[in-house]
Amino acid sequence: MSYVEDPGPGHGSVPPRASFTSDAPSLSLNGTWRFRLSPSIAAAPDPLEADDSGWDELPVPSLWQLHGHGAPAYTNVHYPFPVDPPHVPSDNPTGDHRRHFDLPDDWPSGPAVLRFDGIDSCGRIWLNGTELGVTKGSRLPSEFEVGPLLRPRDNVLVVRVHQWSAGSYLEDQDMWWLSGIFRSVTLLSRPAGGIGDYWVRADYDHVSGLGTLRVETGPDVVLDIPSLGIAGHPAGDPLELPVEPWTAETPRLYEGTLSTAAERVPVRIGFRTVSIEDGQLKVNGQRLLLRGVNRHEHDPRTGRVVSPETALADVLLMKRHHVNAVRTSHYPPDPAFLELCDEYGLWVIDECDLETHGFGPLGWERNPSGEPMWTDAYLDRMRRTVERDKNRPSVILWSLGNESHTGDNLARMADWVRHRDPTRPVHYEGDHDCSYVDVHSRMYATPDEVDRIGRREDDNERRRDLPFLLCEYAHAMGNGPGGLLEYRELFERYPNCQGGFVWEWIDHGLAVPGHFAYGGDFGEPLHDGNFVIDGLLFPDRTPSPGLTEFAKIIEPVRIDAGPAGIRVSNHYDFVSTEHVTFSWVLEDEGIAVAQGVLDVPVVHSGQSVTVPLPPLPPCAGESWLTVSASLASATAWAPAGHVVGWGQLPVSPAPARPAPPVRGPVFRTAGQLVLGTGEFDAATGALTALGGHPVDGPRLDVWRATTDNDRGSSPGPAEASRWFEAGLHRMQHRVIAVDADGDELVVRTRVAPPARAFGLFADYTWTAFDGGLRLRVDVTPDGPVPDTLPRLGLAMAVPGTFGSAEWFGGGPGEAYPDSRQAARIGRFSSSVDGLQTPYVFPQENGNRTAVRWARFTGPDGTGLRVDGDPTFDFTARRWTSAALEAARHTDELESGSLVHLTLDVAQHGLGTAACGPGVLAPYRLVPGKTSFALTLRPVAGGVAN
Ligand code: IPT
């Protein structure tokens with residue numbers, strides 16, 4: 001069997017060891033390499049041929065499909081090749097990479113290794129014509145001894161990379177199939193008498209406050225940690241001494257060195273102890289609540305080549321949004337990322353590079369997890385993961401992999417880990433009985449299931465007594481996730497329910513001209529479309545509304561109205577609020593009228609206090625007190641003033657305004673009805689102009705451009721398919737009667753889809769008052785209406801010049817019934833264009849909720865004002881919902897000459913049915929008899945309000 005199809009782990013490499021730097025000479029071989037792609041191994045010429053001058057150039061690290069060689073392909077579960085393990089297609093794209101290098105003049109003779117941090121999926125390596133070996137395990141390092149082969153000048157390193165190998169069967173993660181040398185390549189001198197490997201075990205006893213330190217390494221290694229007064233200490237001798245512990249909230253690292261006469265290695269040591277006690281996962285004796293995300297490595301231009309700057313951007317974004325944990329789905333990340341987790345403070349589940357999901361649709365037959373021929377590869381991958389990352393205090397759990405069903409090979413990985421590293425528990429979701437893991441993990445469990453687990457009603461005894469976490473939940477595909485609040489309540493109610501990891505951190509869109517691409521955009525015959533666009537960040541790392549909502553849900557300082565004033569609760573796991581300052585602002589109808597600093601005593605972790613309201617001046621309008629908790633001084637990850645919690649308390653309600661006197665009557669002129677500032681079509685009763693501005697509508701409207709979650713069918717038939725089936729996207733409006741008697745214009749209609757017997761009676765009752773119109777809409781379902789509606793409200797088009805919006809209500813961002821915690825009540829403004837959320841796959845977005853009033857105006861200040869009774873939701877777009885529904889990429893949305901408004905009394909929630917539970921009962925829009933009212937007023941230029 002050729003090395004490519006050999007299910008084993010490869011050969012020729014030296015034993016795995018920790019990733020670290022030292023003062024021994026090293027030479028980065030990243031940069032421009034020579035490259036030649038062949039469509040198959042058979043067609044690939046000899047990679048060692050003397051002349052490579054005709055080859056292309058390619059940067060290393062890179063993935064060749066993103067540099068014009070071949071094309072990316074996306075599948076979620078399915079293998080894009082026949083499932084015939086361990087065989088792979090003969091048409092196996094093969095990229096020969098070649099790099100010539102000279103050694104620096106002072107390069108020492110003696111041992112040296114060539115280190116590859118990641119090659120996808122199989123690399124065969126030669127140095128100066130001598131074969132070094134073969135590596136598999138794409139996102140794991142491998143090192144080859146090269147000392148005797150090196151020469152001062154013109155070394156030739158050749159790496160033949162195959163897109164497919166037996167290893168591909170173990171690498172079926174839900175992501176792009178991309179190939180190449182995608183992480184760093186480094187030549188490292190390994191001085192005789194140097195430090196080959198080390199393992200710092202730094203525990204913390206929270207009772208005594210003492211740290212214990214034991215360094216496993218070679219002989220004659222000396223440890224120095226100046227800040228602890230440790231100097232010249234024999235590294236192997238245990239130490240016990242008072243230290244500050246490492247936590248994700250207080251990532252205290254002690255800098256030191258390990259040294260021998262031949263080599264010095266800088267080390268950063270964090271003291272912490274992970275334990276499972278009383279069925280809870282604890283660090284330093286304290287239960288953790290994991291407010292986590294699943295992070296794939298993704299950059300919209302370079303794919304899984306993630307620069308240190310990008311890794312840092314991720315860490316900063318996580319910390320600023322109160323994320324405290326990361327699962328490295330579903331492979332170890334670039335080692336630089338974990339060093340940042342140590343430095344900035346994030347709890348990490350470090351997951352092995354393993355997934356065999358594509359066997360699932362085949363009934364898991366011949367799944368590698370249970371087949372002896374794969375045992376070595378499984379163990380090799382686990383060993384390389386643990387050895388590489390064992391010194392990272394941020395890593396608190398090892399994960400065997402993802403979606404690989406169950407089997408002996410997984411159990412053996414777990415055994416190996418337990419033996420090698422008893423200090424960190426083992427995670428793997430696929431061990432449903434928890435027979436070889438230490439924590440009970442689930443994905444996408446409903447709140448009801450989590451509740452049962454929290455009540456410890458599980459009939460599997462072993463599982464019932466373990467800490468529980470959701471390794472994936474709240475699928476962040478498109479508009480969503482909805483329903484985060486319910487999970488938070490469960491995590492806080494049950495001590496064994498210790499949080500989870502939102503799926504997932506970032507959309508894997510690839511930048512192409514005009515938009516971000518997803519599955520199918522590269523002509524793949526088999527693909528899973530936009531299922532790869534399911535992150536809290538857009539591909540360019542702009543936070544989506546989902547991240548803003550998640551941040552609000554998990555904010556560490558919570559502020560709400562208490563019985564006697566303002567209640568401040570500390571939801572950190574460890575620290576007090578000593579580092580936080582509190583401020584307040586009083587807004588009268590969204591305009592700040594008073595502000596100050598709030599005196600709040602220090603609140604300890606898990607505690608809360610209530611402080612009285614500050615003295616507040618009276619307000620004429622609806623007023624709200626907003627209290628913010630912010631960082632008193634800058635941290636490594638955010639400037640001083642960064643908000644770590646906020647809350648709002650209503651202070652005075654909107655004053656009761658007597659209904660303005662009705663101004664009638666309705667006049668009839670040639671084909672028109674005129675009522676106050678409105679002109680109506682006499683035959684249809686439709687409003688045609690308001691204050692001289694042409695308008696179309698308002699008419700009853702129930703459609704929204706379906707979201708990924710609306711179309712998602714993971715718990716049952718998709719909500720959207722029922723809506724389409726019912727015809728809610730093509731409702732027709734039949735005018736039953738237009739009654740224009742006296743002061744009221746009453747237009748009776750029935751709104752119904754073709755080919756169906758049900759409908760909605762919609763009666764519009766118009767009255768005029770000085771300066772505007774009041775509209776009451778009475779909706780009565782008729783016949784077998786669907787169980788839910790996408791939304792319920794009005795659609796209306798106004799002139800395209802009305803391109804600026806200002807409103808008093810929920811904002812500044814979009815909000816939906818089950819994703820509205822981040823919306824505060826205030827006065828906001830935005831251009832119509834700025835109201836859009838550019839979901840990579842266009843869909844319903846941009847809804848503003850709890851709106852008291854909104855104005856849509858043009859550059860001259862004229863426009864339309866809408867007031868709710870008391871509130872409404874709105875969207876404003878330069879295209880229709882139908883155009884939004886039809887678009888597949890953002891650049892297909894073209895601005896027309898109108899601004900299209902939706903003015904709603906209700907929206908259906910978002911849920912997470914793209915993968916997980918749908919919209920929970922309280923957030924479902926169940927049709928029923930409904931009445932709502934709005935006032936519409938032309939706005940004259942230059943007049944406020
Ligand atoms: C789950 C996978 O673990 C994850 O990688 C991703 O594919 C996610 O689904 C969907 O985006 S597995 C699924 C069977 C719940």
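Which backbone oxygen does the side chain of T94 reach? The side chain of T94 reaches the backbone oxygen of N92, at 2.8 Å. This is a predicted model, in which local features need pLDDT of at least 70 and side-chain atom pairs count only at pLDDT 80 or more, while totals for chains, interfaces and linings use all residues. Residues are numbered from 1 along each chain as its sequence is written, and side-chain values use heavy atoms, with hydrogens and water left out.

T94 belongs to strand β6 (residues 94-101); strands are DSSP runs of E with at least two residues, and helices are runs of H or I with at least four, numbered from the N terminus. T94 has a relative accessible area of 0% and is therefore buried (under 20% relative accessible area, 1.4 Å probe, protein chains only). Leaving aside residues up to four places away in sequence, T94 touches several residues, including R36, W64, R160 and H162 (contact means heavy atoms within 4.5 Å).

Helix α8 (residues 545-553) is also mostly covered, as seven of its nine residues are buried. Among them are L547, F550 and I553. The buried residues of α8 pack against elements including β26 (290-294), α7 (484-493) and β42 (643-652).

The ligand is surrounded by 14 residues, and the closest are D174, H330, N402, E472 and H475 (a residue is near if one of its heavy atoms lies within 4 Å). A polar side-chain atom of N402 lies 2.8 Å from an oxygen atom of the ligand, and a polar side-chain atom of D534 lies 3.1 Å from a ligand oxygen atom.

Methods: A polar contact is a pair of N or O atoms within 3.5 Å; within protein, one must be able to donate a hydrogen and the other to accept it, and residues adjacent in sequence count only if both atoms are side-chain atoms. Buried means under 20% relative accessible area, exposed over 50%, partly exposed in between (1.4 Å probe, protein chains only).
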